[in-house]
Amino acid sequence: HEIQSFERQAFWTPKVQIELPGLGRCQFEWSEGRTFDANQAREIERACLQAGQAVVLQVTQEHKTVRRPVGLNTVQLLKAASTGMGMSPVVAMKAAEHLYTSGYVSYPRTESTKYPATFDVAAALREQSYHPNWGRTASYILQHNPSIRPPTQGHDAGDHPPITPMRCAPRGEIAKGKEWKLYDYIARHFIASLMDDVQYTEHALTVSIGQNLMFRYKWHTVEDRGFFFAMPWKQNDLRLNEVQRAPNLAQGSRLRIAGVTNEEDYTRPPDYLKESELIDMMDQHGIGTDASIPTHVQNIVDRRYVQICGPGDDGRAGKPIPTEQQIYNMKRRDPNARIEMPASRHVVPTGLGLGLIGGYDKLDRELCEPGVRAFMERQVAQIADGSESLQDVLRQNLDLFSNKFTAFRDRIGELEPIFRPKPGGGGSYRDHGYDHGYGQDWSGGSGGQGEWWDDQGGAGDWWSGDGGGGGGDWWSG
């Protein structure tokens, strides 16, 4: 709904370039970010050009902390596999289970993120200290804390311990690329969970231009890189602006304005929900468990209610991502074919999915709400902990859904317009989406763009390429 009802708006982002001693030309951003008023944007630009100078108001510091990760559970692993490795939940779990049965990692189906008090983390670290990629990091932890104990943070769900590496394995020992990527992530996450938090300071230099226009320039100093040594991509995600020499400026100092920009742009609708975001929302709403979430996601794909696509653009869905079978067929036809995976995986509803959810919404909105499935999952958990009896929960749910089925069946005729062939041919609404607030024409694939694998312009992640896992420890150069 948010994508379909989105209305574009023009906005302007005023910025000034100012010469800073020791740093050269730096870009300052307007304190209010952007404006939707074209006249105000022109006035700001004119005022900055006329002033020619900026006056230093203050330099502030804010200390920030990035907490180390807690132990790795299944949902976290599935999100990481989808976001950074381009794997569907089903493919990720299949690879993780094979790593488990091969003795490389612990049991991969768990909701717990807290290590047991009896877990010998020192022994697990010693095993990883021989690894050619992250061995130095593991050894460093042991040297500085030889009697290391399991962290106390995290949640104990009472099932299995968090997912950890069990056996040290170099890249050549794990032949399959997907399994190597998962093993690489599991090992790095485990090591990172035993390291220090990241500590850094954000500095903000505020200047005044003209009467009351304020612009800011920010830079960062890192006091402790902590677990970034094990998970280097996390530092890239922060987009820190580290400078070699921090500017030393007194209040009231005057600085020359070297340039003014006032870029015009348009607001854009949000992209379609990422697969990792869907997994996270299912976990938050209690829909499915660590064992069933991959199957639920795969089911809506197999039933063609949704399609997994790459990043979209301006409200349009991205190109469809090929399935494992499609990739296999492409490799059979051309063993040397380059298959670039997109930077992110998005869940795009099809016309059938939109039509079906429109019909359910019309007849019984509760069937569309996440609370129904979550309520059932909570009741199953209550049976497990003894607070509810199996017979009572079974009776309640049979009565509830028997009544809903009867009411739905009696009104089933109201769904006929959704699936009726459209006048003049051209398929039915199930092919294009129900037009009662859900309508969007999905004919011709994804906006007529063809299949995504026709385009070789994909973007890789830090571990992409040959799947080598980052090529050594972050601090080893």
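**Getting to know this model**

Reader: Which ring does the charged end of Arg 8 sit over?
Author: The charged end of Arg 8 lies 4.9 Å from the centre of a ring. The ring belongs to Tyr 266.

Reader: For a predicted model like this, what pLDDT do side-chain atom pairs need?
Author: Residues are numbered from 1 along each chain as its sequence is written, and side-chain values use heavy atoms, with hydrogens and water left out. This is a predicted model: totals for chains, interfaces and linings use all residues, local features need pLDDT of at least 70, and side-chain atom pairs count only at pLDDT 80 or more.

Reader: How many helices and strands are there in the protein?
Author: Helices (H or I, at least four residues) and strands (E, at least two) are DSSP runs, numbered from the N terminus. Going by those runs, the protein has 15 helices and 8 strands.

Reader: In what order do the strands of the closed barrel run?
Author: The barrel has 6 strands with antiparallel pairing, where a pair needs at least two DSSP bridges.

Reader: Which residue in the turn of the E1 and E2 hairpin has a positive phi?
Author: E1 and E2 run antiparallel, joined by 6 bridges, with Lys 15 standing opposite Glu 29 in E2. The hairpin leaves 3 residues between the two strands. Phi is about 85° at the turn residue, Gly 22.

Reader: And in E5, what is the bridge partner of Glu 29?
Author: E2 and E5 also run antiparallel, and 2 bridges join them. The E5 partner of Glu 29 is Arg 216.

Reader: How many residues apart are Trp 134 and Tyr 183 in the chain?
Author: Trp 134 sits in the loop between helix H4 (121-128) and helix H5 (135-144), while Tyr 183 belongs to helix H6 (residues 177-192). So the pair links distant parts of the chain, with a separation of 49 residues.

Reader: Which residue lies over the face of Tyr 104?
Author: Tyr 104 forms one aromatic cluster with Trp 134, Trp 180 and Tyr 183. At 4.2 Å from the Tyr 104 ring centre, the residue over its face is Arg 167.

Reader: Are Trp 134 and Tyr 183 buried or exposed?
Author: The cut-offs are under 20% relative accessible area for buried, over 50% for exposed and partly exposed in between (1.4 Å probe, protein chains only). Of the 477 residues of the protein, 41% count as buried. Trp 134 and Tyr 183 are both buried.

Reader: Within what arc do the buried residues of H9 fall?
Author: Helix H9 (residues 293-302) has Ile 293, Pro 294 and Val 297 as its buried residues. They line one face of the helix because, seen down its axis, they fall within an arc (of directions from the helix axis to the C-beta atoms) of 105°.

Note on methods. Rings of Phe, Tyr and Trp (its six-membered ring) pair if their centres lie within 6.5 Å; planes under 30 degrees apart count as stacked, over 60 as edge-to-face and the rest as tilted. A charge sits over a ring if NZ of Lys or CZ of Arg is within 6 Å of the ring centre and within 35 degrees of the ring normal.
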